[in-house]
Amino acid sequence: MFRDRLQREFDARKQGNPRYSLRAFAAFLETDHSTLSQVLKGLRRAPVRQLRAWCRKLNIQPEEITIYLAAEHVPDAITAERQSQLLHWSAEAMAIVSAPVHWHIVRLSRDRGFHPDCRWLAAQTGVTVDEVNLALTRLLRLGLIDGQWKDRTGRPPVDEAAFRKLALARVQEKAAEDHIKFTPKGNL
Amino acid sequence: MNHPVMQFQIISKSPEETARFYGSLFGWRIDSDNPMGYRRIDTGSAEGIHGGIWPAPPQAPNFVQLFMAVDDVGASVAQAVELGAKVLIPATKLPEGDEMAVLHDPQGMPFAVWRRPNA
């Protein structure tokens, strides 16, 4: 946002004087031309302290400066997308760990008396139909049950602890497809 | 076969509140007496399409997705993937005999392909 404003200022000056250089613009702003060049190319953001100083040099009104300062705190599109994926995959992992209904659906799906009926599953697992439906969709997304709602965790049948481990490994695999990596140090 | 939009689905963090809101606002009949406990919306009109409400996981935003009719869910999913879509929920049989899959289109917008029971 501020970069566009800066670029318009530079373009206007160049229009008035075709020999007007980036160095001249940097000198006017009292900054080095490599920083300015990187900001204009979008390779880095204008440092907040410098943003204020540059705005004053360019005679930008305080109300407008406030908008640019606020915008600097908004993550760029790539960061926002990554944060959203991070939130999604850590929430998926959290749900698997904290809601035993996932395990119970898989366990029940192995039984002959299994009913592919969410109301029946809710009664069996002691949660609401909405919670069953959320867990069911998550299990389908992670490939832990198949399109017929049958256990796909492999043979021999896993117990609860092994299911949880497998489910978390599946979350990590799916997250890796979005270039999100969970590491033992807690970095993502 | 043509591929009409068969229904809309509201994905809501608070499905019950959403049902109450739209039911009160538009007089839609919303009924969850089916094996999925799915809140089916009958708008009460012969015009337009009907819909449903599905719970959203806590990390997801509220949104609306469309269900397009297909005669072969698996084949449609394969074709969509070839065109750049990503499978979110693979082809799944539902208790009443219909089948569906949910995908992200290449721009990341979710949509579903759906085959009616005995279609």
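Predicted model: local features only at pLDDT ≥ 70, side-chain atom pairs only at ≥ 80, totals over all residues.
Residues are numbered from 1 along each chain as its sequence is written, and chains are lettered from A in the order in which they are written.

**Helices α4 and α5 of chain A**
- Helix α4 (residues 48-57) of chain A packs against helix α5 (residues 62-72) of chain A at an angle of about 160°, with the axes 10 Å apart, and α4(A) and α5(A) are therefore roughly antiparallel (an angle over 145 degrees).
- The contact joins A:V48, A:L51, A:R52 and A:C55 of α4(A) to A:I65, A:Y68, A:L69 and A:E72 of α5(A), where contact requires C-beta atoms, placed from the backbone, within 7 Å.
- By class, this contact of α4(A) with α5(A) has 6 nonpolar, no polar and 2 charged residues.

**Helices α7 and α8 of chain A**
- Helix α7 (residues 101-109) and helix α8 (residues 118-125) of chain A pack at about 115°, with their axes 10 Å apart, and are therefore roughly perpendicular (65 to 115 degrees).
- Residues A:V101, A:H104, A:I105 and A:L108 in α7(A) meet A:L121, A:Q124 and A:T125 in α8(A).

**Contact between chains**
- In chain B, 16 residues are in contact with 16 residues of chain A, and the largest share of the chain B side, 6 residues, comes from β6(B).
- By class, the side of chain B that touches chain A has 12 nonpolar, 3 polar and 1 charged residues.

Key. Axes fitted to C-alpha atoms, helices over the stretch in contact; angles between N-to-C directions. Helix = DSSP H or I, 4+ residues; strand = E, 2+ residues; numbered from the N terminus. Parallel < 35°, antiparallel > 145°, perpendicular 65-115°, else oblique. Contact = placed C-beta atoms within 7 Å. Nonpolar A, V, L, I, M, F, W, Y, C, P; charged D, E, K, R; others polar.
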